[in-house]
Amino acid sequence: MYMAPNSCHGRCHEAFDKHHPCHCNSKCQNFGNCCEDYESLCAHDGFSRRSDAITKDELLTISEKIYKADTNKARKEDIILNSQNRVSPSETNDQVDRCPEPLYSYVNEELFSKPTYAAFISLLNNYHRVTGQGEHFSSQQLEEQDTFLREIMKTAVMKELYGFLHQKNRYSSEQEFVSDLKKMWFGLYSRGHDEGDSSGFEHVFSGEVKKGKVSGFHNWIRFYLQEKEGLVDYYSHNYDGPWDSYPDVLGMQFNWDGYFKEVGSAFIGSSPEFEFALYSLCFISRPGGVCHLSLGGYPLAIKTYTWDKVTYGNGKKYIATAYIVSSTN
């Protein structure tokens, strides 16, 4: 098949060739030498068939479906938040504890006996939080990863996500989907000097310490459990989402057992499968970009980063991080 050198048709993410007048790889935008149709054919997710590209409107629609499907989320009466003092953006790095009370006044821990919550919580203590220390999983810990994936795939939330991605020709079977989720989220890579000291799941949900600062740590359940143990000290918040029920969003400043987090955004009161689904959706459809969603009629944006130093499978990228960046535009 002839590949038109002036078009990206059939050329998305091809290797750089200096003989071509314009280019279709991820770096062409940096160099300003993309073909005219790069944006429409390749920029979103590298799928040249227009029917397979995931549009902005489709992201808004599927995120609302996932939002409505989250029956495991906390009810209003399940969580009592004490958000206390709000700071301006210029004050987020002051490292001043402006909140004498814990963030969580009450959480109904019956939530944690639900299968997806229990499976999620069992994963949280499987990691060394300081980067540079290699992660070595026991057979039981590896089984806990499979249990978590198996439990979340039983939920309406993940069935919505798989159904959408299957329709968009990302995955041909649920087995292929789950296998890819396991690799992109739990596959190990090296942020420090030691081999295999980090993963997307550890970074986003459990949290890490790198260069003397908290890195990642974007999960409300992890925060609550660590605060309950006296290991997290809530300092302030700089953002509170517009939702009047759960899940809500909070941008926080806190100290995690001696290390500071300047802004840690997190869903509050969401089920583990809800967060996992939205971050996965955004990573798969807008890898390394900003993903605009809609939850209960309110806009929300999630930013993902790919880990580019090593790959798995046929050049697939691991998740470096995923987090909420905005719910106002």
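## Disulfides and a pocket in a predicted model

With a torsion of -100° about the S-S bond, the link of Cys-8 and Cys-24 is left-handed. This description rests on a predicted model, and the sulfur atoms of Cys-8 and Cys-24 lie 2.2 Å apart in it. Because Cys-8 and Cys-24 both belong to the segment before helix 1 (28-31), the pair ties together parts of the chain that are 16 residues apart in sequence. Both cysteines of this pair, Cys-8 and Cys-24, are buried.

How many disulfides does a search of the whole structure find? The search finds three, and the table sets out the sulfur separation and the S-S torsion for each of them.

| Disulfide | S to S distance | Torsion about S-S |
|---|---|---|
| Cys-8 and Cys-24 | 2.2 Å | -100° |
| Cys-22 and Cys-35 | 2.0 Å | 85° |
| Cys-282 and Cys-291 | 2.2 Å | about -65° |

The link of Cys-22 and Cys-35, with 85° about its S-S bond, is right-handed. This pair joins distant parts of the chain, since Cys-22 sits in the segment before helix 1 while Cys-35 sits in the loop between helix 1 and helix 2 (38-43), 13 residues apart. Cys-22 has a relative accessibility of 9% and therefore counts as buried, and Cys-35, with a relative accessible area of 4%, is buried as well.

A disulfide also joins Cys-282 to Cys-291, and because the torsion about its S-S bond is about -65°, this link is left-handed. Cys-282 counts as buried because its relative accessibility is 0%, and Cys-291 is likewise buried at 0% relative accessibility. A further cysteine, Cys-99, has a relative accessible area of 1% and so is buried.

Which of the elements gives the most to the lining of the second largest pocket? Strand 7 does, with four residues. When the lining of this pocket is sorted by class, it holds five nonpolar, six polar and five charged residues.

Conventions: Residues numbered from 1 in each chain as written. Predicted model: local features only at pLDDT ≥ 70, side-chain atom pairs only at ≥ 80, totals over all residues. Heavy atoms only, no water. Disulfide = S-S within 2.5 Å. Helix = DSSP H or I, 4+ residues; strand = E, 2+ residues; numbered from the N terminus. Buried < 20%, exposed > 50% of the residue type's maximum accessible area, 1.4 Å probe, protein only. Nonpolar A, V, L, I, M, F, W, Y, C, P; charged D, E, K, R; others polar.
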